[in-house]
Amino acid sequence: MTGEPSTRHIVVMGVSGAGKTTVARGIAARTGLAFAEADEFHSEANVARMRAGIPLDDDDRWPWLQALADWMTARHREGVSTVLTCSALKRSYRDLLRQGPPGVFFVHLDGPTEVIRERMSVRTHEYMPPSLLNSQTATLEPLWPDEPGIVIDLRSTSEALVDEAVRRLGLPAGDESPEALAGIEVPVDTELVAATEAVAVVEERPDLSGRA
């Protein structure tokens, strides 16, 4: 649309304990993108449920996801590119995030559940207990071939993960100009395409077009 600023919006996704915050902060430091932590957008009710070890359901998540999409949209209108942490476990959740600004891309930090569980056992989180990892893993829907994004093995070092994300997304390190950030197309993850096409199950996609 004429007059619209050009921006990029990176969502670092994955289950709790995958290292989303560390990688997203690293990308922000390397590129100058504005950073936001999705946990800070949760309602008090959501925080209370998670602190009690109760998994969030879709009704709990929709307002939270909409708030994240609204934040990215507001930054887009200011001409500011962003990097955001968000579990974004389901395709429908990612569809809602993409209904925010143009130029939303996903970085999925993926790896063995045992590795993530070990990480969670030695970290402290204000309200996300390790007991919720199983429900998150069960809910997780990997990126579909038509979704803009990449998958990275979380077993690499934090520095290597940031390096790979910046390189594969074509993010210009140290250059915040909207033109530079918007001018490079994210490559298709061919391994992801091949793996997903091997799955014959097609899930029904919810229609989110009517959501505010």
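Q: Accessible areas here come from the Shrake-Rupley method with a 1.4 Å probe, and for residues only the protein chains shown count as cover. So what does the accessible surface of the chain come to?
A: About 10400 Å², and 51% of that belongs to carbon and sulfur atoms.

Q: What kind of model is this, and what pLDDT do local features need?
A: This is a predicted model: local features need pLDDT of at least 70 and side-chain atom pairs count only at pLDDT 80 or more, while totals for chains, interfaces and linings use all residues. Residues are numbered from 1 along each chain as its sequence is written, and side-chain values use heavy atoms, with hydrogens and water left out.

Q: OK, how many helices and strands?
A: Nine helices and five strands. These are DSSP runs, numbered from the N terminus: H or I of at least four residues for helices, E of at least two for strands. Along the sequence, the pattern reads β-α-β-α-α-β-α-β-α-α-β-α-α-α.

Q: How much of the chain is buried?
A: Buried residues are 45% of the 212. Buried is under 20% relative accessible area, exposed is over 50%, and partly exposed is in between (1.4 Å probe, protein chains only).

Q: Switching to α3 and α4: at what angle do their axes cross?
A: Roughly 30°, with the axes of α3 (residues 58–77) and α4 (residues 91–98) coming within 8 Å. The axes are lines fitted to C-alpha atoms, for helices over the stretch in contact, and angles run from 0 to 180 degrees between N-to-C directions.

Q: Which residues make that contact?
A: On α3 they are Asp58, Arg61, Trp62, Leu65, Gln66, Leu68, Ala69 and Met72, and on α4 they are Ser92, Tyr93, Leu96 and Leu97. Contact means heavy atoms within 4.5 Å.

Q: Where does Phe41 lie, and is Phe41 buried or partly exposed?
A: Phe41 is in the loop between β2 (34–37) and α2, and is partly exposed, at 25% relative accessible area. Leaving aside neighbours within four places in sequence, Phe41 contacts Ala36, Trp64, Ala67, Leu68 and Trp71.
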